[in-house]
Each structure stands twice: as C-alpha cells, then as structure tokens.
Amino acid sequence: MRKVKLVVGDRKIGEYPTWAYPKGEKLGVYLMPTYELTASGTDSQGSAVARTFEVFRFGIQSTDGKSARVVGLAADQTHTIKAWLPHYIVHSATSTENGAWQVYDNFLIHDGPDTKDEVFASIGCVEIVGPNGFNEFNDFLIQLSGPAASSRAGRLAEIGKAKNMTITYIGTSRPSLKKST
Amino acid sequence: MRMSAVSRGAVSGLILVLAGCASAAEQPASIADFVKARFLARVTADFRLPRIDDVAVGADDVRRALNRRLEPDVFANAHVVESRGITVVQDAPARKAHAAILVLRYPDAATAQRMQTALEKQGGFFKSTEILTRYASFAAKGTLVLVYSETVANPSVQSFLNSIPAELRDSALVAK
C-alpha cells in the first residue's frame, strides 16, 4: 500500500464553538480556532495528490466543572498512525461518521462538527470539521493508500494495519480561552 | 449504529397538525409524531430549502448509545415504544438542527416519575459525550418522553427544548 502523509498546520483558518470537556457543561460555550490538515500522497496512477481539511487541533478541558484550560498537542512532532478504531462513536444519535484513527494513546482523529450548530469538545484529538467531513477524509485516505479489501470497512482496517500513514503537527502556541458571546 | 429510514422530507402531514386543524384524522399518530411536529414548527422557519431526515432507531441501538450518557438506567424495566432521530439540514450555508425522541413505558407511574426526577437531577446534559448534548424530559402515567439534541448552539433548538415538556403536558397525549 502507498504511504500517506498528514500535516496539521499552525495557521488559524476559522473558528467553531466548543465546550470544556468533560465536566464543563455549565461553563458555557467557547470559541476555538480551526486549522488546516493537509493529506498527501500518490494516486493509483502515481500522480502526487493532496487535499486539505478544516480541523480542530486544540480543545478545552474542565475536570472540576469550575475552571477551564486549553489543551492539545502544541509541539512540533510526528507520529505513525497506530490503528483504525471502527467502534469509536462520537455521536449519541444516528451518524454515518463513526470510527477513529489512533495517533497514540487517547489522541485520535475522528469526526467533528458538521456545522456551527453543534458544539464539539476536544482535549487534543484532531476532529474533521464540515458536513460529511470525516467520511470524505476517509474516502481520500482510501484513494491515497490503495487498499485491496473489497468493502469500505475492510479498506479502512487494512490502512490501519499497514502503518503507512504519518501525522505531523507543526509546532505552534495554544490559543487563548475565548468565550462565545 | 444500525438505522432504518422511516421517511425523508415527509413534513406536509405534520404541518396540518401545527396549523391547528382539529379533526381526529389530523391528530398526531403518536407522541413522537407530536414532538417531531413541534420541533419542525420551531426550527424550519430559519432554514432555506430544508432537507428533513426522519430515522427510526432500534431499541438495542438507542440503549447502547444512551446507557453511559445518563445517570439513571432509564431502560431498566422499560419498553421502548418509539425512538426516532429527526435532522433538518440546510446545505449552503451549512446549518443543522437535530432532535432525538425516545418514548419509554414503565410498569407503573411511580417508576416513570422516579426516572424523571433522576433525569432532572442530572442537570439536562448528557455525560461522557464529546458533543454537548442537552435533553428535556416529561413523565406521566407510566410514560417517559426524553428529547435530546446534538445541535444546542442553534437558538431555535434551545427554544424547542425549553418548551417541549410543557407542550407535552398540555397536549395530554402522554396521559392517554
């Protein structure tokens, strides 16, 4: 299978509502900048291809329900994606955007808000923003990797097992806490 | 989560209910239909060319999705009467309004009321979820109605969640 490179940038490209996970429901809604993730590799013809996605890189944590702080991977670093986790579910409702990529430990790549009507939390996971964003991201990874499995689920599992995908976080400072008005 | 589509874009019959038509033929067929109609009445005015998804969720699926989100085990000794997910979507600019409706029936009114009290004590938000998810609930005569939304930044959804318990009480549907 072909190699895939993911790079999470340091430039703020947007802003989405978020909340302080896991105990900060009553602290209200904050605003968190979004960043650009670039997925690149080669297609089945050997041509270089790349596509960008809007993502959450940082999040807000509250463990006591009283105070909140910005968390997430800020230092420059590169990891090999460890696995595809098909049973990871973000939603309590019906969704086709389930599953996650394990960067390491509990740092994952998974679905994020489709629109600014949803308030997603993150404590360092990369979350793919936009309608059907996570499905489109995974479709592109399949296109870049070229797995042999016949089903979509099988292809994602195959990519996870191959460990041919890396993610680089470009070093940047964590943003400040910003409350939504 | 497995799901089965009930209908897509099927709003027209429900709008008749909201318009105040009183004949028996136009009454909502179920509690979930009533809640859906109130939800659509509240949120669709804000959307341009809304697309409406209405998905029936199986009892096992909803139990799996909600068990770790709620302090009380609302499914203990409960029969899942209805479980639906309604999503209103606008493509450009991207907007979304979501409401899930769960109707549970218990052997007696006291059990339903105990669950309602426990849900109120939890404070109106799911726990152990990355998506801020607010719920409202109402219980009467052995039936508990739980309505929740993953689109709480939408002011119309907030307004709907604030009003739906009183609307259920006034409708007398749950008590029937």
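Helix α2 of chain B (residues 31-43) has 13 residues and should span 18 Å at 1.5 Å a residue; its end C-alpha atoms are 19 Å apart, which agrees. The expected span is 1.5 Å times one less than the number of residues, and helices (H or I, at least four residues) and strands (E, at least two) are DSSP runs numbered from the N terminus. The model is predicted: local features need pLDDT of at least 70 and side-chain atom pairs count only at pLDDT 80 or more, whereas totals for chains, interfaces and linings use all residues. Residues are numbered from 1 along each chain as its sequence is written, chains are lettered from A and ligands numbered from 1 in the order in which they are written, and side-chain values use heavy atoms, with hydrogens and water left out.

Of the 13 residues of α2(B), 10 are buried (under 20% relative accessible area; exposed is over 50% and partly exposed in between, with a 1.4 Å probe and protein chains only). The buried set includes B:Ile31, B:Phe34, B:Phe39 and B:Leu40, and also the charged residues B:Asp33 and B:Lys36. Chain B as a whole contains 5 helices and 6 strands, in the order β-α-α-β-α-β-β-α-β-β-α from the N terminus. Of its 176 residues, 54% count as buried. Among contacts in chain B (heavy atoms within 4.5 Å) with a separation of 6 or more, 69% join residues 24 or more positions apart.

The contact between the chains draws on 24 residues from chain A and 25 residues from chain B. About 2,300 Å² is buried between them, 55% of it from carbon and sulfur atoms; this area is the accessible area (1.4 Å probe) lost on being put together, summed over both parts. On the chain A side, A:Ser92, A:Thr94 and A:Asp117 lose the most area, together 32% of what that side buries. The interface has 3 salt bridges (a side-chain nitrogen of Lys or Arg within 4 Å of a carboxyl oxygen of Asp or Glu). A salt bridge joins the side chains of B:Arg95 and A:Asp117, at 3.3 Å from N to O.

In chain A, A:Asp76 lies in the loop between β6 (69-72) and β7 (77-80). Its relative accessibility is 55%, so A:Asp76 counts as exposed. Beyond its neighbours within four places in sequence, A:Asp76 is in contact with A:Tyr169, A:Ile170 and A:Gly171. A polar atom of the A:Asp76 side chain lies 3.3 Å from the backbone nitrogen of A:Gly171. A:Asp76 and A:Val8, 68 residues apart in sequence, are 9.9 Å apart in space, C-alpha to C-alpha.

Notes:
Buried area = accessible area lost by both parts, 1.4 Å probe. Polar contact = N/O pair within 3.5 Å; in protein donor to acceptor, adjacent residues only side chain to side chain.
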